[in-house]
Amino acid sequence: MYGWIFSHLPGPLWARVLISILLIVTVILLLLTIVFPWLSQFNPLTDSTIGTPGS
């Protein structure tokens, strides 16, 4: 799959490498800022019961 993506990018080798790096950074930033925070609301392991009042 990565070879297919890399072979379909335009330009010379240095431009394809640069575009690949930009794509990877963009995907990581989208995951860290949008996807993972949204998914954390469905994770029961993030609920803390230590220090709650009434215990």
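Tutor: Let's begin with helix length: the expected span is 1.5 Å times one less than the number of residues. The 28 residues of α2 should therefore span 40 Å, and its end C-alpha atoms are 39 Å apart, which agrees. This is a predicted model, where local features need pLDDT of at least 70, side-chain atom pairs count only at pLDDT 80 or more, and totals for chains, interfaces and linings use all residues. Residues are numbered from 1 along each chain as its sequence is written, and side-chain values use heavy atoms, leaving out hydrogens and water.

Student: How many helices and strands are there in the protein?

Tutor: Helices (H or I, at least four residues) and strands (E, at least two) are DSSP runs, numbered from the N terminus. Here the protein has 2 helices and 0 strands.

Student: Where does α2 bend?

Tutor: A bend is the angle between axes fitted to the seven residues ending at a residue and the seven starting there. For α2, the bend is about 40° at L31.

Student: Which helices supply the lining of the largest pocket?

Tutor: A pocket is an open set of points on a 1 Å grid where a 1.4 Å probe fits, with protein on both sides within 12 Å along at least five of seven lines; lining residues have an atom within 4 Å of a point. Both α1 (2–8) and α2 (13–40) supply at least two lining residues each, with the largest share, 5 residues, coming from α2. Among the lining residues are Y2, I5, F6 and L23.
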